[in-house]
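Subject: Structure handover

Hello,

The notes on what was found in it follow below.

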Amino acid sequence: MTQNQLQRLTSEPAVFLLIFISLLLIKLTTNKELGTELISVYGLMLVGDFLLFSFGSDIESQSGNTAQALLYAGISLVVLFVGFQAVIYIFRQSVLPIPATEQQLTQSVFQTIFQSMKKFGTQEIDLSIFAFFNYYVFGFLVAIQETRVIGRIHGFLARIVNINISDFRSVKTWALIIFVSLLFMYFHLKVRGVNNNIDLVITFIFAIVQLWLIGKFRELESANYMHIGWNSFALFLGK
């Protein structure tokens, strides 16, 4: 057994177990409606994550690259912040035929994300209480599960259509990135209940940056850190 195979067997099952136990605790400790919605969405994502992992993937866990992953995650957060300012400018110039309210145009990026996090499907979530719970569930658990699934889907589709996810000079690579990013945006629209047009555009850009990180390093660590940082900053600065 190679070192990579050993790492694969020891690290991935631990993550699956952590997510499973966390979802179970959420079901037992939150109100019935919210717990049911979280379990139905992220429990299904966990199953999909496991199945896609079982099929095999070019996206593997890597050791010894935490510092690099944190660096690129930080740079990506800056890029997203700048991207948000560009989106606001474009919306203000009415370049796109997509409506946005004056309140949405005057919010900071983290206020926008925070408002979208307060709505989950049919549930309205009070993020002003139970700070630790909110940071763990929405800052950490939701972030890593969504990142893992989008990464798995990206890698799985790339393998099917024989696309090198690290070849950013290829039109096919970018076509796949855009397609998966649209799926991620659609998930937030239809499942998470996000109906803020600015937030949907940012979600689309967010997914593109995530998939770029995943393709560049062929692992999920930097993308996970970026998503955790994005959600956690929104919880802390968006109130």
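The second largest pocket holds about 280 Å³ of space. A pocket here is an open set of points on a 1 Å grid over the protein atoms alone, where a 1.4 Å probe fits, with protein on both sides within 12 Å along at least five of seven lines. Grid points are joined across faces, edges and corners, and the volume is the space filled by probe spheres set on the points. Its lining counts 14 residues (an atom within 4 Å of a point), and M45, V149, I150, I153 and F187 lie nearest the centre. Helices α2 (32–55), α6 (131–160) and α7 (171–190) each give two or more residues to this lining, with α2 supplying the largest share, 6 residues.

This is a predicted model: local features need pLDDT of at least 70, side-chain atom pairs count only at pLDDT 80 or more, and totals for chains, interfaces and linings use all residues. Residues are numbered from 1 along each chain as its sequence is written, and side-chain values use heavy atoms, with hydrogens and water left out.

The protein chain has 9 helices and 2 strands, as DSSP runs numbered from the N terminus (helices H or I, at least four residues; strands E, at least two). Their order from the N terminus is α-α-α-α-α-β-β-α-α-α-α. Of the 239 residues, 48% are buried, meaning under 20% relative accessible area (1.4 Å probe, protein chains only).

L24 sits in helix α1 (residues 3–29). L24 counts as partly exposed because its relative accessibility is 42%, between the 20% and 50% limits.

Regards
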